[in-house]
Amino acid sequence: MSTTSERDPAKPRPRPGRGRAEATDASVAAASPENAAREPASPRAVDAGGPSGGRAHPAAHGAGLIGLAVGALGVVFGDIGTSPLYALQTVFALEGHAVKPTPGDVYGVISLVFWSITLVVSLKYLVFVLRADNDGEGGVMALAALARQMTAGGPRLIAASLLLAIVGASLFYGDSVITPAISVLSAMEGLEVAEPSLNHAVLPIGIAVVVILFLVQRFGTHRVGKFFGPTMLLWFVVLAATGLPEIASHPGILRALSPSYIVSFVADHPYLAFISLSAVVLAITGAEALYADMGHFGRKPIRRAWFLLAFPCLTLNYLGQGALVLHDKAATSSPFFLLGPHWARIPLVILATLATVIASQAVISGAYSVSRQAMRLGLLPHLTIRQTSTRESGQIYVPAVNWLLFGGVLVLMLSFQSSSKLAAAYGLADVGVFVTTTSLFLVVSAMIWKWPRWRVIAFGAGFGSIELAYLSANITKIPSGGWLPLGIAIVLVVGMTTWEAGRRIVTHRRKELEGPLQQFVDELRGRDLPRVPGTAVFPHPTKETTPLALRANVEFNHVLHEHVVVMSVRPQNVPHVPPDQQIDVDELKHTDDGIVHVAVNFGFQDEQDVPGALRRATGMSDELDVDPDKALYFLSRLSIQRGDKDGMARWRKRLFIGLAHNAASPAAGFCLPEERTVVMGAHLEL
């Protein structure tokens, strides 16, 4: 941001050696819950057994469900759709190939895979969890927003829900780093099956694919989905086509669909069955990305794509792999690629590479959605968010998240270098997210939808017991790689809780500095301040408090502009707000003092053009008889300094100040003219 002047009249500069960060108060305040109302509408939950009148997701309008379902295949189902590449291969490699290619073991494993997909993905997520949305958005943060703003369970339950969301989101970020690395590497390793002499090219080609993937993110999931959708459609058809011949040749594999083989497997090999769960869970990784990506396409397209195509094709492929392993024991080394004929293996590698790129897209898109919701809940600092679709509010691009994920993926690929090594780190994060989602869903269903107690208990006992079994099995992987997602999650939990705690302290102290706006306006009437010609505009999150820049201008310069406009931007969850509905004017009790508050309602696709809004507001009130082309814009900035006050540990204060320093400034997003923008502020001790 460029400014014509920059003043800090409130206090002297901090002494050298003290931690300090400067951020516009909008960058700190924008993440606070009290300002979440300025984001799209208040959250609501939609459920067949819950409140009626929930709006349809915006993606359900203006585009056919079939087109959206195909697009959903390209963004939402990539992760879970590529699980056949490595899930069964990992199962048979466990504990030095302890799971044998015998009928009992194979039927038991295939049955575990099928019923895991059926219960966790089809029933829990597609039937139940997708009903809980926060203005169309899904994921653990959506559930946390509902629990935080709607429960009647008291502050402790709300705090517990928020902590669960932080843990779930942090684990999801950990998964978002691992998924692109293991998915792309597993596809590239198909080259070794087709042509062993190409093993040296696996890692370089994989890295090149990842670089391209992250570079194209800025074009948006809407455009990417148009390409990925048909590709993923072909992928699922190939999954079914490669599995069907083996099923036809060995129809006995269909017996694995019976859950009785799970019982037999557990009874005959209890420890082996328990350990197998740590790899079987790889077949359902991506279920949380499916929920987190709901904002990109909507509930109906995702459900139709899953039940009509993705689920049947996945089932056929897993059955085909099981049949292959039964009659070809050596196929356990790479059952997916060996399922296809020899002539098709190179084309299969190419298609698998495209599919794994799509798998990465699913979690990347989900990470964008989770990040935006975390900002709204006050768990992350203000990040630059770019809207990439003209119709769907959920289709966004977050540059900071994109490049952090990119760096993490590259480090993992260069460190582990193979999917088999990464498999030990994969799965734990997903199961952790499953458990937190189930816990938050129970809060929403009990407190908001008012489910009867027996139904809540049945849901929790049924799905909770399944997911806790998976979690217990994956804990055994911590020494061999499971520490990686846990480490990422711990770092993020510390960061989010630090930002949330620091933001509350800063917001409280900022309000003390600002004071009520109406009281400040009333006091000005009793002061004989010189009025200088011109218009001063003060962008500010709310009309409840006084912009620090306005207070500083009065208290230190002892002047007031002839026209003073406090302007608040309020994003709405619709693509465009008609011009005649954008502006709300409040004269703040007095019609003759030249001080007015203007609230501007923008759609998610509208450019947040504050000067343009001032131009439209001109003449709507006698106090708005201004020249918008000569107006000056005053931004309030807090200079946050580490102090000795209680409330946070010293190291957490340093961390908070660092995060605040890197928060995005709203100046560019508000289209403020450089030559007429002034930054003023005050120091605040943390």
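# Notes on the predicted 686-residue chain

1. In the protein chain, residues 24 or more positions apart supply 85% of the contacts that have a separation of 6 or more; contact here means heavy atoms within 4.5 Å. The model is a predicted one, with local features needing pLDDT of at least 70, side-chain atom pairs counting only at pLDDT 80 or more, and totals for chains, interfaces and linings using all residues. Residues are numbered from 1 along each chain as its sequence is written, and side-chain values use heavy atoms, with hydrogens and water left out.

2. **Confidence.** The mean pLDDT of the protein chain is 80, and 85% of the residues score at least 70; pLDDT is the predictor's confidence in each residue, from 0 to 100. Where pLDDT is low, the predicted coordinates should not be read in detail.

3. **Overall make-up.** The protein chain has 26 helices and ten strands. Both are DSSP runs numbered from the N terminus: helices are H or I with at least four residues, strands are E with at least two. Of the 686 residues, 60% are buried. For the record, buried means under 20% relative accessible area, exposed over 50%, and partly exposed in between (1.4 Å probe, protein chains only). The accessible surface comes to about 25600 Å², and 62% of it belongs to carbon and sulfur atoms; these areas come from the Shrake-Rupley method with a 1.4 Å probe, and for residues only the protein chains shown count as cover.

4. **Nonpolar cores.** The largest nonpolar core has 155 residues, and Phe 77, Trp 235, Phe 236 and Trp 306 touch the most other members. Such a core is a set of buried Ala, Val, Leu, Ile, Met, Phe, Trp, Tyr and Cys residues joined through side-chain atoms within 4.5 Å. Beyond four places in sequence, Trp 306 has contacts that include Phe 77, Ile 117, Val 121, Leu 126 and Pro 312. There is also a second, separate core of 22 residues, with Val 537, Ile 583, Val 600 and Ala 631 among them.

5. **Helix H20 as a geometry check.** The 20 residues of H20 (residues 428-447) should span 28 Å at 1.5 Å a residue, and the end C-alpha atoms sit 29 Å apart, which agrees. The expected span is 1.5 Å times one less than the number of residues. H20 is mostly covered, with 15 of its 20 residues buried.

6. **Two loop residues.** Ser 83, in the loop between helix H3 (78-81) and helix H4 (87-97), is buried because its relative accessible area is 0%. Leaving out residues up to four places away in sequence, Ser 83 touches Leu 282, Ala 283, Thr 285 and Tyr 318. Pro 516 is in the loop between helix H22 (478-514) and helix H23 (517-525), and counts as partly exposed at 40% relative accessibility. The C-alpha atoms of Pro 516 and Thr 546 are 5.8 Å apart, although 30 residues separate the two along the chain.

7. The whole structure has nine salt bridges, each a side-chain nitrogen of Lys or Arg within 4 Å of a carboxyl oxygen of Asp or Glu. Arg 504 and Glu 500 form one at 3.1 Å, N to O. These two are about one helical turn apart because they are four residues apart in helix H22. Arg 504 is partly exposed at 46%, whereas Glu 500 is buried at 10%. A network of salt bridges links Glu 500, Arg 503 and Arg 504.

8. Lys 543 and Asp 586 meet at 2.6 Å, N to O. This pair links distant parts of the chain, 43 residues apart: Lys 543 is in the loop between strand E5 (531-539) and helix H24 (548-557), and Asp 586 is in strand E7 (residues 583-586). Arg 570 and Asp 584 form another salt bridge, at 2.5 Å, N to O. Arg 570 lies in strand E6 (residues 560-572) and Asp 584 in strand E7, so this pair ties together parts 14 residues apart in sequence. Arg 570 is partly exposed at 28%, and so is Asp 584 at 36%.
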